[in-house]
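Dear colleague,

Please find below the structure that I promised to pass on, followed by my notes on what was found in it. I would be glad if you could read the notes with the model open beside them.

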Amino acid sequence: PTIQGVVPAVWGVAVNPRAHVSAKHRPRDGSPDPSKTGEFITFGDKHVKVWRKDKTSGIWGGKLASFSDTKAFGINSAVYLPVKGEDREPRVLAGTSDGRLAIFDLRANKLVKLIRAHEDLGWAPSMRKPGLANTKGIRALLLLEEDNMLVTGGADGRVITWALTDDGDDVIGKVDEIVLQSPMGPG
């Protein structure tokens with residue numbers, strides 16, 4: 001629990017697809033099983049937590065990632081970046097609740113980069129206005145590993161394609177952007 005006694009809500013889970021998974025434990029569809037890979041993250045309101053399985057005891061332990069000198073923010077979606085090379089620790093790219101992309105280095109266990117991505121139009125549901133449309137944040141991330149690209153979908157009604165570096169550990173910049181005319185309505 002936090003200081004106020006509220007248990008942090010888990011909004012999502014991302015499994016490290018590059019962590020060791022024996023063929024015996026791989027699901028039939030080829031996707032990694034978080035209970036067998038040895039690493040996954042959970043994320044949500046003001047937290048990213050890296051979970052690793054102890055090789056000796058088999059017990060899972062979690063460690064909160066640091067937001068460095070930045071005020072903590074909500075994470076709506078996350079993917080492991082396709083970091084290439086020997087002895088390279090994985091990085092996680094997260095879509096934030098205010099429309100930024102955040103890169104976390106899991107070796108250092110901290111935030112290393114923030115990128116402005118989607119517009120924060122300032123509207124979000126609240127206790128006073130629960131029916132208000134949410135126009136804040138990145139809602140979806142799709143990694144196109146073969147193309148070294150990332151696609152983001154934001155509550156601002158935009159779909160953006162981003163280029164990744166050759167070694168897959170960082171975002172270079174925008175490649176394309178589609179502005180949806182009526183993302184929440186007819187047409």
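Predicted model: local features only at pLDDT ≥ 70, side-chain atom pairs only at ≥ 80, totals over all residues.

Residues are numbered from 1 along each chain as its sequence is written, and side-chain values use heavy atoms, with hydrogens and water left out.

Asn109 sits in the loop between strand S7 (100-105) and strand S8 (110-116), where strands (E, at least two residues) and helices (H or I, at least four) are DSSP runs numbered from the N terminus. Although Asn109 is not a glycine, its phi is positive, at about 55°. Asn148, in the loop between strand S9 (138-144) and strand S10 (149-154), is likewise a residue other than glycine with a positive phi, near 55°, and Asn148 counts as buried because its relative accessibility is 14%.

**Strand S5**

Val79 belongs to strand S5 (residues 75-80), and its relative accessibility of 13% is why Val79 counts as buried. Leaving aside neighbours within four places in sequence, Val79 is in contact (heavy atoms within 4.5 Å) with Arg91, Val92, Leu93, Leu141 and Leu150. Leu143 is 64 residues away from Val79 in sequence, yet the two are 7.2 Å apart in space, C-alpha to C-alpha.

Asn76 also lies in strand S5 and is buried, because its relative accessible area is 18%. Its side chain reaches the backbone oxygen of Ile138 at 3.2 Å. Not counting residues up to four places away in sequence, Asn76 touches several residues, among them Trp11, Phe43, Gly95 and Arg139.

**The sheet from S9 to S12**

Four strands form an open sheet in the order S9-S10-S11-S12, with antiparallel pairing (two strands pair if DSSP finds at least two bridges between them). The edge strands, each pairing on one side only, are S9 and strand S12 (171-179), and the twist averages 20° from one strand to the next. Strand S11 (residues 158-164) runs antiparallel to S12 and is joined to S12 by seven bridges, and Ala163 stands opposite Gly173 in S12.

Terms used. Buried < 20%, exposed > 50% of the residue type's maximum accessible area, 1.4 Å probe, protein only. Polar contact = N/O pair within 3.5 Å; in protein donor to acceptor, adjacent residues only side chain to side chain. Axes fitted to C-alpha atoms, helices over the stretch in contact; angles between N-to-C directions.
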